Amino acid sequence: MPASPEKWRRCVLAVLLVTACVLGATLLFTGRDPVMTLRLSYQKTGEIILERQIQPGDTLTVELTHSFEHVPWNEYYVVQEDGSFLLQRIEVGGFGAGIPAEMDVPTYVGEDGLVHMDDINSVFFRFNWITSQINMKDLLLNGEPVLAFSSLPHHSFVTCETVVQRRLFHFG
């Protein structure tokens, strides 16, 4: 004897519900894409100041003015596969207090008048800064400004790090 239309409808709905649950669970637990994010946050509260999606090979530049010598100091990093920051080079306005003068790396004075130190290749997994509205200038990602340190309260305790987040249906 054939099943009644009501029984047939319940069976189809049950199959659809189970299928939707299995699909939802699959997407929730296996369909999330890892996304590397640059995150700046306040050390004491954890409040996020800035988040930007990044990927290995992206560049991060920190532009400063030396607190004692009052000369430009620029640091150039590359984001690594593991999320660490590789310091490739620095540019400084001269040598003096706290400026590394004895590094065994290619060093020259550029056309810009700054002392360039290349191929430093030091790895940093995070930065912990106490910000200065006077001496810290800008943070650039791939050459584009993403943060003016003057926008933060003077002497803020800030952490800069990469975080891998998992996002469902990430595009871009």
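Me: In which strand is the place of Arg 39?

Reply: This is a predicted model. In it, Arg 39 belongs to strand β1, which covers residues 32–42.

Me: Is Arg 39 buried or exposed?

Reply: The general idea is to compare the relative accessible area with a cut-off: under 20% is buried. Arg 39 has a relative accessible area of 18%, so it is buried.

Me: What does the side chain of Arg 39 meet there?

Reply: Its side chain and that of Glu 51 are joined by a polar contact of 2.7 Å. Not counting residues up to four places away in sequence, Arg 39 also touches others, including Ile 48, Leu 50, Thr 159, Cys 160 and Gln 165.

Me: How many helices and strands are in the protein?

Reply: The protein has 1 helix and 12 strands.

Me: How do I read a pair of strands, and which strand pairs with β10?

Reply: Look for bridges between the two; at least two are needed for a pair. Strand β10 (residues 136–141) pairs with strand β11 (residues 144–148) over 4 bridges, in the antiparallel sense. Within this pair, Leu 140 stands opposite Pro 145 of β11.

Me: What do β10 and β11 form, and how many residues are between them?

Reply: They form a hairpin, with 2 residues between the strands.

Me: Which residues other than glycine have a positive phi elsewhere?

Reply: Asp 119 is one of them, with phi of about 55°. It is in the loop between β7 (115–117) and β8 (122–124). For exposure the cut-off is over 50%, and Asp 119 has a relative accessible area of 52%, so it is exposed. His 155 is another, with phi near 65°, and its place is the loop between β11 and β12.

Me: How much of the protein is buried?

Reply: Of the 172 residues, 37% are buried. As a general idea, nonpolar side chains in soluble globular proteins tend to be buried together. In this structure, the largest nonpolar core has 31 residues. Those with the most contacts inside that core are Leu 40, Leu 60, Phe 85, Trp 129, Leu 139, Phe 149 and Cys 160.

Me: What is Leu 40 in contact with?

Reply: Leaving aside neighbours within four places in sequence, the contacts of Leu 40 include Ile 48, Leu 50, Trp 129, Leu 139, Leu 147, Val 158 and Cys 160.

Me: How many aromatic pairs does the structure hold, and how do I read one?

Reply: The structure holds 6 aromatic pairs. For each pair, read the distance between ring centres and the angle between planes. The rings of Phe 127 and Trp 129 have centres 5.4 Å apart and planes at 5°, so this pair is stacked. Trp 129 also pairs with Phe 149, edge-to-face, at 5.5 Å centre to centre and 90° between the planes.

Me: Where in the sequence are Trp 129 and Phe 149?

Reply: Trp 129 is in strand β9 (residues 126–130), while Phe 149 is in the loop between β11 and β12 (157–168), so the pair ties together parts 20 residues apart in sequence.

Me: Which ring does the charged end of Arg 89 sit over?

Reply: That charged end sits over the ring of Tyr 76, 3.8 Å from the ring centre.

Me: What share of contacts joins residues 24 or more positions apart?

Reply: Among contacts with a separation of 6 or more, such residues account for 56%. Leu 86 lies in strand β5 (residues 85–92) and is buried, with a relative accessible area of 15%. Besides Ser 122, Leu 86 touches residues including Tyr 76, Tyr 77, Asn 121 and Val 123.

Note on methods
Residues numbered from 1 in each chain as written. Predicted model: local features only at pLDDT ≥ 70, side-chain atom pairs only at ≥ 80, totals over all residues. Heavy atoms only, no water. Core = buried A, V, L, I, M, F, W, Y, C linked by side-chain atoms within 4.5 Å. Buried < 20%, exposed > 50% of the residue type's maximum accessible area, 1.4 Å probe, protein only. Contact = heavy atoms within 4.5 Å. Phe/Tyr/Trp six-rings, centres within 6.5 Å; stacked < 30°, edge-to-face > 60°. Lys NZ or Arg CZ within 6 Å of the ring centre and 35° of its normal. Polar contact = N/O pair within 3.5 Å; in protein donor to acceptor, adjacent residues only side chain to side chain.
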